Amino acid sequence: KYGDHGFEMINVTYAGDTLVATKVTGDQNVPKGEVSFTVDLSPHIHSDKGMLSLEPIELNAKASRQWGKKFLPRYQGQGQVAAEGFTNAK
């Protein structure tokens, strides 16, 4: 559930190393069919400052048993936000 907007559905696809989440259900801010977020799943992000990567998330003991590992990887991504009526989209 996303705030007062209620439940929203996205369709997740992959294009190479990029995960793309497209809105199946829209709301007053971002309509259906628009990209909600993208995530670069490549092992490292290249930039003019060299290789960047996010530190993994350390799980507590209960979550570690559930997932079968102590750490979960994190990846760089970009999200879509907009004001009502899909104005000022960023």
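A contact here means heavy atoms within 4.5 Å, and residues 24 or more positions apart account for 31% of the contacts in the protein chain with a separation of 6 or more. The model is predicted, with local features needing pLDDT of at least 70, side-chain atom pairs counting only at pLDDT 80 or more, and totals for chains, interfaces and linings using all residues. Residues are numbered from 1 along each chain as its sequence is written, and side-chain values use heavy atoms, with hydrogens and water left out.

Next select β1, β2, β3 and β8, which form an open sheet in the order β1-β2-β3-β8 with antiparallel pairing, two strands being paired if DSSP finds at least two bridges between them. At the edges stand β1 (10–15) and β8 (77–79), each with a single partner strand, so one side of each has no neighbour in the sheet.

Now zoom in on β1 and β2 (residues 18–23), whose antiparallel pairing runs over six bridges, and display Val-12, which stands opposite Ala-21 in β2.

Finally, switch to a surface view of the protein chain, which exposes about 6,900 Å², with carbon and sulfur atoms supplying 54% of it (Shrake-Rupley method, 1.4 Å probe). Of the 90 residues in the protein chain, 18% are buried, that is, under 20% relative accessible area with a 1.4 Å probe, protein chains only.

Definitions and conventions. Helix = DSSP H or I, 4+ residues; strand = E, 2+ residues; numbered from the N terminus. Buried < 20%, exposed > 50% of the residue type's maximum accessible area, 1.4 Å probe, protein only.
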